[in-house]
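Here is a short report on one protein chain. Look at the structure first, then read on.

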Amino acid sequence: MDNITGNPVTDKDFLKTRLFLVNDLKKMLRKCSVIIEAPRRFGKTSVIKELLRRENAKRDDRREFNVLFLELEGDETVNDFCLRLFKELLNLYRIRKKIDSINKLLGEGWNAIAARLGKIKIAGLELDLREKTRNYDLAAWKNEITPLITHLDSIDKATIIVFDEFPDMLLNFKKREPERYKDTIDSLTAWLRSLRQTQEEGCKYRFVFCGSIHLRKTMEELGLGKRINDLESFVIPPIKKEDALLLIESLAKKYNLEIDPDGVVYMVSKIIEGSLYYGQILVKALRETRERNFPRERVKAIYEAMLRRGNHDLNHYHSRLEDYLSLQEKECSEAILKHLCSGAAHEKEIFGLLLHNICTVEQFQSVVHRLIYEGYITRDIDDNGKLRFVAPILKDWWSCKKGVPNVCL
Ligand SMILES: Nc1ncnc2c1ncn2[C@@H]1O[C@H](COP(=O)(O)OP(=O)(O)OP(=O)(O)O)[C@@H](O)[C@H]1O
Ligand SMILES: [Mg+2]
C-alpha cells in the first residue's frame, strides 16, 4: 500500500483490516438510505469510493449496484446541486441504454438533448444543459429530477446516490444567501425526504449522506432535524491497535523503513483510538528524513520535530475552526482544547471553571459538538463520558501549538 495523506484511498491502499466497513455499508444499503457519521479524516469517503470501485470492477451481470457519487463541497447553490444530480442521472440512463425513458420522463422539450445523449458523452452536453436550466428554481428542478429518480426502479440494478460533503454544501448556502438559506435548506431536504418516503417495498434506489461536518447537528441547529430523522446511521469507529500496527508495518515494508519494534509501539501509542490518517502522517514524517533505520529515540525526535514545526497535514483541524466559528466560539474552543491538554475532563467542569462568564451553556455545548465532529475530541465512554482528545497525536500537536507547558510528549 502507498503512503497517502489526505485523498481518499481504495484498492491496495485500503487497509485490509478495515474492509469490513465496505461490506457492512453494502449490507445496510440493501435495506435503507444512510447517513455516514464519523469525525474528519476517519475514512468516510474512502469507504464509499472502495464500494464504488468494487462494483465497477465487476462484470456487469455480477454487479449489484449502480453508484452515483456526487462530491458537493464546491456547490454553492441549489441550482449547482440539482444540475450535478441531473447530469449524473442522465448519464446513468445513457449508460444503462435507457435514452427512450428520458424522452418519456422529461417530455418534448428535452428531445433534442436526449437524442444527442445517445451519441455523445454527458460532458459534451455540459454547456447546453447549463444554458437550458440557467433560470431553474427548485420547483422547476423537482419537476425534471423527481421522475428520473422514481423511474430508477425500472433499471435492472439498484442505484445508490451518494452526496459526499452534503453539510459543507449547506454551509455554502448560508454564506451565499444569509437571509434565505434556512428556507432553501428546508425545501431541499423536504424534497429529498419525500423521495425517500415514496420508497416502497422492493424499491431500487437509496441515498447516502456523508460529510465531515455533523449533518444531524447542523440540521437540528436549524430546527430541521425531522427532515433527516428517517436515515439510518452508519458509524465509522476509531481504529484499533491491530489496524495501527498493520498500517505502520505495511507502509514500512513498502518504503524499506527499518523501524525498531519499540519505535513501532511508540507510533501506535500516538495514533490509537484515532484514524489511519494519523498513522499515514507519521510514516510520511519518517520518510521525509530520507533515513532508513529508526530506533525508538529517533522516531520520538522526528515526531516531536514534526509537531513543533507545525504539521501541514494537521493544520486543517485548526483552519476549519477559523472558518466556521464566530470569535466568541473560537475563544470557547481554544479554552476547551487547552484545558484538555492536561488530561480528560467533564464538560461541566470545563464550563464551570473556565467558560460560564464567557458564553451560555448552549453555546458551550454547540462548540463541544463541533469539536467532536471536527475530529478533535471525543466523549470517552470508558472514562465516565469525560472529554478528551481523539488521539494522543492531536493532544501533543495542540499542546505544542499553544505552548502548553509541562506536557510530556
Ligand atoms: N481504509 C484506509 N486505509 C488506509 N488509510 C486510510 C483509510 N481510510 C482513511 N485513510 C487515511 O485517512 C485519509 C482520509 O481519508 P478519507 O478522505 O476517506 O476520510 P474522510 O473521513 O472522508 O475525510 P474528510 O472528513 O476530510 O472528508 C486518507 O488520505 C488516508 O490517509
Ligand atoms: Mg471525505
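Start with helix α3, residues 78-95. Its 18 residues, at 1.5 Å each, should span 26 Å, and its end C-alpha atoms are 26 Å apart, so the two agree. The expected span is 1.5 Å times one less than the number of residues. Helices (H or I, at least four residues) and strands (E, at least two) are DSSP runs, numbered from the N terminus.

This is a predicted model: local features need pLDDT of at least 70, side-chain atom pairs count only at pLDDT 80 or more, and totals for chains, interfaces and linings use all residues. Residues are numbered from 1 along each chain as its sequence is written, while chains are lettered from A and ligands numbered from 1 in the order in which they are written.

Which residues of α3 are buried? They are V78, F81, C82, L83, L85, L89, L90 and Y93. Buried means that 20 or more other C-beta atoms, placed from the backbone, lie within 10 Å of the residue's own. After α3 comes K97, with a positive phi near 55°.

Now the whole chain.

| Item | Value |
|---|---|
| Helices and strands | 19 helices, nine strands |
| Box filled by C-alpha atoms, along the principal axes | roughly 75 × 55 × 40 Å |
| Buried share of the 409 residues | 35% |

Last, ligand 1. Its shell has 22 residues, and the closest are G43, T45, S46, S212 and Y277. A shell residue has its C-beta atom, placed from the backbone, within 6 Å of the ligand. Helices α2 (44-57) and α13 (276-288) each supply at least two shell residues.

Methods
Buried ≥ 20, exposed ≤ 12 C-beta atoms within 10 Å, placed from the backbone.
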